[in-house]
Amino acid sequence: MNDRINQAQPAIYEKLGRDKLHKALRQMHLIRMFEEGAEQAYMRGLVHGTMHLSIGQEASAVGVGIMLESGDYITSTHRGHGHCIAKGADPKFMFAEFFGKDNGYCRGRGGSMHIADVASGNLGANGIVGGGLPIAVGAALALKQTKKPNVVICFFGDGANNEGAFHESLNMAAIWKLPVVFVCENNKYGMSTSTERSTAVKNVSQRAQAYDFPGVTVNGNDFSEVASAAGEAIARARRGDGPTLLECMTYRHRGHSKSDRNRYRTKEEIDSWIARDPIQLLQANLLANGLIEDEEVAAMVKSVEDEIEAGINFAKDSPDPKVEDLTAFVYTNQNSETSNV
Amino acid sequence: MSNEMRELSYSQAIQEALGLAMERDERVFLMGEDIGVYGGAFQVTGDLIHRFGEDRVMDTPISELAGAGVAVGAALLNRRPVYEFQFSDFAALAMEQIVNQAAKIRFMLGGKTSVPLVMRFPCGSGTGAAAQHSQSLESWFAHVPGLKVVQPSTPADAKGMLLAAIEDPDPVMFFEHKLLYKMKGHVPEGYYTEPLNQAKIRRQGSDVTIVASAIMVHKALEAAAIVEKEGISVEVIDLRSLRPMDYSTLIDSVCKTTRLICVYEGTKQFGIGTEVAAAIVESAAFDRLDAPIIRLGGADCPLPYNPELEKAAVPQVPNIVEAIRRSVKGRI
Amino acid sequence: MATEVIMPRVDMDMTEGKIAFWYVKNGDAVTKGQVIFEIETDKATMEVDAPVTGTIDGIQGAVGESVLVGTNLGWILAAGESLPTQTPDATAQTTPQTEPEKVTAFDATPAAATNEPAAMSGADPSALRATPLARSLAHANGIDLLSLPGSGPNGRVQGADVMHAVRQTPMGGDAGSDLHLNWIVRAEGIPLVLLHGFGADQGGWRNLAAQIKGVAIIGIDLPNHGKSGSSTIGSLDDVAAAVVSRLNREGVKEFHLLGHSLGGATALAMAEMVSSRLRSLTLLAPAGLGADINGGFIDGLCRANSEASLKPWLAELFHDERLLSSSFVATAYKQLESVQKREGLRAMAKVLMPDGTQATSKRTALEGLAVPTKVIWGNDDRIIPLKHAQGLPGRVALHVLKNVGHLSYIEATDDVAALLMEQMR
């Protein structure tokens, strides 16, 4: 992995084109500011529960997301705000959900860990580590059964790669050659336990060998590396050649959740990664290659700030769900299924 | 459509339902261990693979957790998977996907999607399969909002309720007692559904109500025939569905008979009868109770291997007869 | 050593199998793994192979015969071996189903070593034990649970015990209604029920009753009057309910009703409650049609400590004082003899006629009444004024008797009897 800013233009830039590159950069800014906005709101007591921020991991979310088509699907994790935005989610409805409002993505019933928008291909963040893997495989099976040319991106973290569900899912995807790309965002820690202490192999991607399909490790903070590898894996899946395990080495700036005291990692480590900020890397690269101007960057950042501020205000003004609706949405034909005595 | 009745076994009725569902709706497909050319551990899927091919009758690896999750994912994309567990006991391996995912996704997403899957569970004791292959775990699932849990006791109901379950937009846990597989009964031809929220009165009576499910329905009916000779009139209700439970039929019956016995194979404590008893006491039927409610449920131990112990571990006909006598004669 | 050939168990729940085909006969050489016979089970046909190499002999079990799992079907002998002389009993690998099933403890009391609560434990031995059904039946029928023997365990009162008690008392009346009821005249047909006024009792109807022909006549003592017990009366409706209850217990369904004064107000209240059971309604100077009542009279009645202090008040009842006989006074005074009686009357008066005012109006009871209704009033009634009879519904017949006071049934017995007979035609 090469962390030095690479000023040469990666091949993927040509494939994507200027517009998509701008879109990618904006999305990464949007994710970052969304996370920071959410953090601020949380500290002000506007958000119930906790949240798992993906600050520092923007490149893996966007690098994969930018390579998708509208009919493709994703499953995500408890650290899934970035994935959701990369799949096209609107921050204001995400904020509304965090504030528990009735017009949030999940009508206030799911919260941060369960953000989803099935209609647009986001099968949801998942509160269970490894919970999304079998579901992603099932969605891929459905795509194959219906002969659609689409794929499923299954995001998960390094912690999930030791769950039984991980192994069962990769095996099933392999034997049935399903159109799913397993994207592991390896940020070196499953909560407080480092991968060195928890995982028998050095790289998660090695595990693909056990299931006889390609495993690739990339610099997860380098947008172009991620996008390039993702593009190949997605194409492979679309062709019908089966799954790939794509490991993005990255880092989360913040703790696991809002209650994390970062006792398990050093300040030096955190700072060294902050210095390799993926947004700054991409932005500097685009500037250096004349693919964006300073004024455009400034305007982009401002528009993102505005969008986030408007989103938070929208959420604050949104209505709360009604208590009378407590047991709504449990069953599809609710009235005929009332089970109450 | 012909309404002719003919005799089919419970497992044949299920096979017929699966075939009809797959003919009618190309989204329906089966998954499970050894359901293909082997025909299923209990020969339920039989020759379906020859009719529908291996893409629709899929053998899975021994991976219950992923298997259940694949069903969830496929259902989210509007397929209609029917996932067969080889033994209900193996549900323990898949609880994460059943309880945390299938049951809750609709709710957590504010009602914006559904999970239209069916999971089938051969369950129950009496075959000497011992503790890890004989359990009745329906109560576990009936405790989870978001799931539907059904337990038909006759071939005709097995077919109709399975077809209804496959049509249902929500996740349905379908429990099949192993000892019922060979039981024969009249089964209408053609496609029909039975409601998933209605109990059925199998025998009308006036002295005591027995609420039972699965194989216990048949034991209760046997017991009722025995005590009829003593002048005791027993009403036997087949629950058919645990969630949603048809409370109003139960309440009406107990209001009429004034006595209640619950018979179920699952462990007595925290089991089906516990829910029925509590619901009756909370209802208008409370003021009509003329005797304590009796729960006959599974013994407080894992299912034993020895055949006598195995029988002693679940309610049998003599136990039911004795309970009826004590309840009706006012001796409890 | 000879190796046994048995009916094998091939399915988890298989108990017997049918032999479908023998591939070998006695004396044939067989090798280990060679198919020697076929069996039919519920599921499918299964081939069974030889467990060892040798010579097969002693074959039992015909084709088509169903045998229990584990049954001996033959032997495979090594060289030089002979058939065992004793064929062992079927080494049953499964228990035959004919064994009687033991009844195990599946009752409400827990098996040992469980932490289930013992059913029905912790009951206070002195507390009433009654099933919910018994309680609700007792409440509905006015039966006192504490007075019932219980046929259930530990003396628990059950539904049957209550229904037994209900059947003993006809028409199951209100337990609190121990009103005295007298069949003044027993006869066939729908009876006439007479309700007296305040401070009187059913004994006063004797003369009137003597003039009524061919009708069963019932006199009832209102609460706190005559031979009826004392009870706390909260309202006119309480009085009416008590009378209805008593009639129910007596098995009286339909009846003609006559009420005088307070009994008249009671009759009006009953008309509201059980109008479908009335055949006719006759009111003699009834209370309940207005506010006025001679409070002095009421108070005087309640206060009188001797016949002497009672007599002047009783005189108020008559147009012609000379009709006030000493026996009348004596009888009236007897009503007040017991302190308890007097207190009961006082309390009743306080509730129904406080401060010289009638507390309740029952005028509306007359509206829409479909039965023949007569109101009979003396024009010299100084207890409840005649003017209360004004403005009654048109279908109500009003009879004003000249030179009659409050007790028309004494001062104009013939007229009242004649009018009554008209009602009961």
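**Exercise 1. Chain composition**

What percentage of the 425 residues in chain C is buried?

*Solution.* The model is predicted.
- Step 1. Take chain C: buried residues make up 37% of its 425 residues.
- Step 2. Count its elements. Chain C has eleven helices and 15 strands.
- Step 3. Look at the contacts in chain C with a separation of 6 or more: 64% of them join residues 24 or more positions apart.
- Step 4. Turn to chain A. Here 52% of the 341 residues are buried.
- Step 5. The elements of chain A are eleven helices and seven strands.
- Step 6. In chain A, residues 24 or more positions apart account for 76% of the contacts with a separation of 6 or more.

**Exercise 2. A sheet in chain C**

Find the strand order of the open sheet of four strands in chain C. Then explain which strands stand at the edges.

*Solution.* 
- Step 1. The order reads 5-4-2-7, and the pairing is antiparallel.
- Step 2. Strand 5 (45-49) and strand 7 (66-68) of chain C each have a single partner strand, so one side of each lacks a neighbour in the sheet. These two are the edge strands.
- Step 3. From one strand to the next, the twist averages 40°.
- Step 4. Check one pairing. Strand 2 (residues 16-22) of chain C runs antiparallel to strand 7 of chain C, with three bridges between them.

**Exercise 3. Two packed helices**

Describe how helix 1 (residues 132-141) and helix 2 (residues 159-168) of chain C pack.

*Solution.* 
- Step 1. Two numbers are needed, because packed helices are described by the angle between their axes and the distance between the axes.
- Step 2. For helix 1 and helix 2 of chain C, the angle is about 20° and the axes are 8 Å apart.
- Step 3. Angles under 35 degrees count as roughly parallel. Helix 1 and helix 2 of chain C are therefore roughly parallel to each other.
- Step 4. Assign the hand: helix 1 of chain C passes helix 2 of chain C in a right-handed crossing.
- Step 5. List the residues in contact. Helix 1 of chain C supplies Leu133(C), Ala134(C), Leu137(C), Ala138(C) and Asn141(C). Helix 2 of chain C supplies Gly159(C), Asp161(C), Val162(C), Met163(C) and Val166(C).
- Step 6. Sort them: seven are nonpolar, two polar and one charged.

**Exercise 4. Chain B against chain A**

How many residues does each chain bring to the contact between chain B and chain A?

*Solution.* 
- Step 1. Chain B gives 39 residues and chain A gives 38.
- Step 2. Find the helices on the chain B side. Helix 3 (64-76), helix 4 (91-102) and helix 5 (105-108) of chain B each supply at least two residues.
- Step 3. Helix 3 of chain B has the largest share, nine residues.
- Step 4. By type, the chain B side divides into 19 nonpolar, 13 polar and seven charged residues.

**Exercise 5. Backbone exceptions**

Most residues other than glycine have a negative phi, and most peptide bonds are trans. Examine Asp212(A), Asn224(C) and Pro244(B).

*Solution.* 
- Step 1. Asp212(A) has a positive phi, near 60°. The residue sits in the loop between helix 7 (195-198) and strand 6 (215-219) of chain A.
- Step 2. Asn224(C) also has a positive phi, near 70°. Its loop joins strand 11 (217-220) and helix 4 (236-250) of chain C.
- Step 3. Buried or exposed? Asp212(A) counts as exposed because it has 11 C-beta neighbours inside 10 Å. Asn224(C) has 25 inside 10 Å, so it counts as buried.
- Step 4. The peptide bond from Arg243(B) to Pro244(B) is cis, with omega near 0°. Pro244(B) lies in the loop between strand 12 (241-243) and helix 9 (247-257) of chain B.

Definitions and conventions:
Residues numbered from 1 in each chain as written. Chains lettered and ligands numbered in written order. Predicted model: local features only at pLDDT ≥ 70, side-chain atom pairs only at ≥ 80, totals over all residues. Pairing = 2+ DSSP bridges. Axes fitted to C-alpha atoms, helices over the stretch in contact; angles between N-to-C directions. Buried ≥ 20, exposed ≤ 12 C-beta atoms within 10 Å, placed from the backbone. Contact = placed C-beta atoms within 7 Å. Nonpolar A, V, L, I, M, F, W, Y, C, P; charged D, E, K, R; others polar. Parallel < 35°, antiparallel > 145°, perpendicular 65-115°, else oblique. Left-handed = near helix turned anticlockwise from the far one by under 90°.
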